[in-house]
Amino acid sequence: MLRLSHQVIWSKIILETFIKEANLSKEDEWIMRTRVAGWSRVKQCEELHISMSALDQRIHKLKKRYDDVQKLNPLLPPRKFSAKELWMDTH
């Protein structure tokens with residue numbers, strides 16, 4: 001389970017800044033907005049008609065994009081990492 005939405009304290013300004021700075025596609029923007037709104041991965045998969053693994057790949061790419069954009073924009077806080085998160089990303 002990938003939890004980008006729990007690694008950053010999202011505000012409207014932070015979310016909008018990330019979407020703009022990362023130049024997200026409409027689908028990636030939708031994934032971000034629904035993650036921040038608390039949607040489950042299952043619900044997202046059902047709405048997008050994609051597999052869980054396809055969604056997880058998209059979320060993983062969004063995490064990398066956030067990290068890249070965050071380095072260039074001081075308004076975006078760094079993601080908080082936990083041992084559990086790192087374990088889930090590697091297992």
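Residues are numbered from 1 along each chain as its sequence is written, and side-chain values use heavy atoms, without hydrogens or water. Because the model is predicted, local features need pLDDT of at least 70 and side-chain atom pairs count only at pLDDT 80 or more, whereas totals for chains, interfaces and linings use all residues.

Buried here means under 20% relative accessible area, with a 1.4 Å probe and protein chains only. Leaving aside neighbours within four places in sequence, Tyr 66 is in contact (heavy atoms within 4.5 Å) with Val 8, Trp 10, Ile 14, Phe 18, Leu 76, Pro 77 and Arg 79.

I turn to the helices, which are DSSP runs of H or I with at least four residues, numbered from the N terminus. Helix 3 passes helix 4 in a right-handed crossing, where right-handed means that the near helix is turned clockwise from the far one by less than a right angle. Residues making this contact include Trp 30 and Ile 31 of helix 3 and Leu 48 of helix 4.

Finally, the loops. Asn 23, between helix 2 and helix 3, has a positive phi near 50°. His 49, between helix 4 and helix 5, has a positive phi of about 60°. Asn 23 counts as exposed (over 50%) at 64% relative accessibility, and His 49 counts as exposed at 70%.

Technical notes: Helices (H or I, at least four residues) and strands (E, at least two) are DSSP runs, numbered from the N terminus.
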